[in-house]
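Please keep the sequence and the model in view while reading.

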Amino acid sequence: MESKLFTPFQLGPIELRNRTIRSAAFENMAYNNSPSDDLFNYHTAVAKGGVGMTTVAYCAVNKSGVSFAAQLWMRPEIIPGLKKLTDSIHSHGAKASIQLGHCGNMTHFYTCGCMPVGASGGFNLYSPTLVRGLKVSEIKELVKDFGKAVNMCREAGFDCVEIHAGHGYLISQFISPYTNHRHDEYGGSLENRMRFMKEVLAEVMRAAGDDMAVVVKTNMFDGFKGGMQLEDCITVAKEIEKCGVHGIVLSAGFVSKAPMHVMRGAMPLKTLAHYMDPCRFWWLKLGLKIAGRWMIPTVPFKEAYFLEDALKFRKEIKIPLIYVGGLVRRSKIDEVLDSGFELVQMARALVHDTDFVNKMKETEGEYCNGCKHSNYCIGRMYTLEMKCHCDVKDMPAKLQKEVDEAEKH
């Protein structure tokens, strides 16, 4: 069978030169919540490296949705810097996408400038902080913020927006019974818990019009008892399809409860703790030392680790599905595309080697063997810019040992 990988694909109103997308893995390069040279250089390199579309990650639709100091939040003053970035991406033949979302309860006053909000009030152990449930009037304003953000993304030159409705962030917090304990029209039944998501997507589709593509990242399961399970997540995906979006990205996991379902493998706890500010995060560093493996349990890695579950969604969903999860080899990417998925996303392979897509075009058997899934890039990303350990000079010995041990498995 002839490979689909390097054939064009029409995603809504835009055409991608091939079937690859750099997924919205957080770069942590938007210092002071604004575009930076690092962000520009990284996505330019990915575009130059042959990808069909690259996704700028985890941009909040307003300041209350920010969970990192080096995370974008969409506002007029950053549009010129983003336009410079999208112009560069386009100059190398790739399309530019940006992920829009809101972190909900996954933040702290020091970061977002207000008491964190969520579908329901409570206490977030991972910050740790008290969380306030959103009022209905605030929900309506947040919906409008998504539409305003899409319009600013168009002005900044983006071809596509990816709405983050998974991983335990705000939209996902409304959908999951684990985080939604409301007793109004936004809580209770699954139909009610999906209401916020559907209102957001209706607003996004109005703003996107006929010239921007819209895709949605959603969970196939939350990854723990009491969260969303696969059958209910298929129902959510069908509702997303009804909203008229152009594609769905299938992922899984809950950052605050089952984070390694998203990324697989083990979290490098020494790396995670090492880069944290000891004054501000002493409590988390201590918690990681005492109960890190309980807090962030390992989930075994294998190539294309979501494929078996994603195929169950393929049987139920008619619109394009974008596969993400564990793609580091051309033959496996071809297998995924031949299984009925229109596009593939990847991140770690493109953190390790921004030229990976071009290399796959040159060599059918290409394998990103420099990425051995130690997850150093992820452990580092919570404090510093995402970077592969292969590109870090003078790494502390204890961290190098942790990487070496992880790569044996």
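The axes of helix α4 (residues 136-155) and helix α7 (residues 195-208) come within 8 Å of each other and cross at roughly 30 degrees. Because of this angle, α4 is roughly parallel to α7. The model is predicted: local features need pLDDT of at least 70, side-chain atom pairs count only at pLDDT 80 or more, and totals for chains, interfaces and linings use all residues. Residues are numbered from 1 along each chain as its sequence is written, and side-chain values use heavy atoms, with hydrogens and water left out.

**Terms for helices and strands**

- Helices (H or I, at least four residues) and strands (E, at least two) are DSSP runs, numbered from the N terminus.
- Axes are lines fitted to C-alpha atoms, for helices over the stretch in contact, and angles run from 0 to 180 degrees between N-to-C directions.
- Angles under 35 degrees count as roughly parallel, over 145 as roughly antiparallel, 65 to 115 as roughly perpendicular and the rest as oblique.

**Helices α4 and α7**

- The crossing of α4 past α7 is right-handed; a crossing has this name if the near helix is turned clockwise from the far one by less than a right angle, and is left-handed if anticlockwise.
- On the α4 side, the residues that meet α7 are Ile139, Lys140, Leu142, Val143, Lys144, Phe146, Gly147, Val150, Asn151 and Arg154. Their counterparts in α7 are Phe196, Glu199, Val200, Glu203, Val204, Ala207 and Ala208. Contact here means heavy atoms within 4.5 Å.
- By class, the contact of α4 with α7 contains 10 nonpolar, 2 polar and 5 charged residues. Ala, Val, Leu, Ile, Met, Phe, Trp, Tyr, Cys and Pro count as nonpolar, Asp, Glu, Lys and Arg as charged, and the others, Gly among them, as polar.

**Helices α1 and α2**

- Helix α1 (residues 37-48) and helix α2 (residues 79-91) have axes that come within 8 Å and cross at roughly 20 degrees. For this reason α1 is roughly parallel to α2.
- The crossing of α1 past α2 is right-handed. The contact involves Leu39, Phe40, His43, Thr44 and Ala47 of α1, together with Lys84, Leu85, Ser88 and Ile89 of α2.
- The residues of the contact of α1 with α2 comprise 5 nonpolar, 3 polar and 1 charged.

**Strands and their partners**

- An open sheet of 3 strands has the order β6-β8-β7, with mixed pairing. Two strands pair if DSSP finds at least two bridges between them.
- β6 (117-118) and β7 (122-124) are the edge strands of this sheet, each pairing on one side only.
- β7 and strand β8 (residues 129-133) run antiparallel and are joined by 3 bridges. Asn124 stands opposite Thr129 in β8.
- Buried means under 20% relative accessible area, exposed over 50% and partly exposed in between (1.4 Å probe, protein chains only).
- Strand β3 (residues 20-22) pairs with β4 in the parallel sense over 2 bridges, and Met53 in β4 is the bridge partner of Ile21.
- β4 also runs parallel to strand β5 (residues 95-101), to which 6 bridges join it. Ala60 stands opposite Gly101 in β5.

**Residues with positive phi**

- Most residues other than glycine have a negative phi.
- His167 has a positive phi, near 65 degrees. His167 lies in the loop between β9 (160-165) and α5 (170-175) and is buried, with a relative accessible area of 7%.
- Ala304 also has a positive phi, near 50 degrees. Its place is the loop between α11 (282-295) and α12 (307-314), and Ala304 is buried at 6% relative accessibility.

- Ile248 belongs to strand β11 (residues 247-251) and is buried, at 0% relative accessibility. Not counting residues up to four places away in sequence, Ile248 touches several residues, including Val216, Ala237, Ile317 and Leu321.
- Ser176 lies in the loop between α5 and α6 (190-193) and is buried, at 0% relative accessibility. With the neighbours up to four places away in sequence left out, Ser176 touches Arg193, Asp222, Gly227, Met228 and Phe254.
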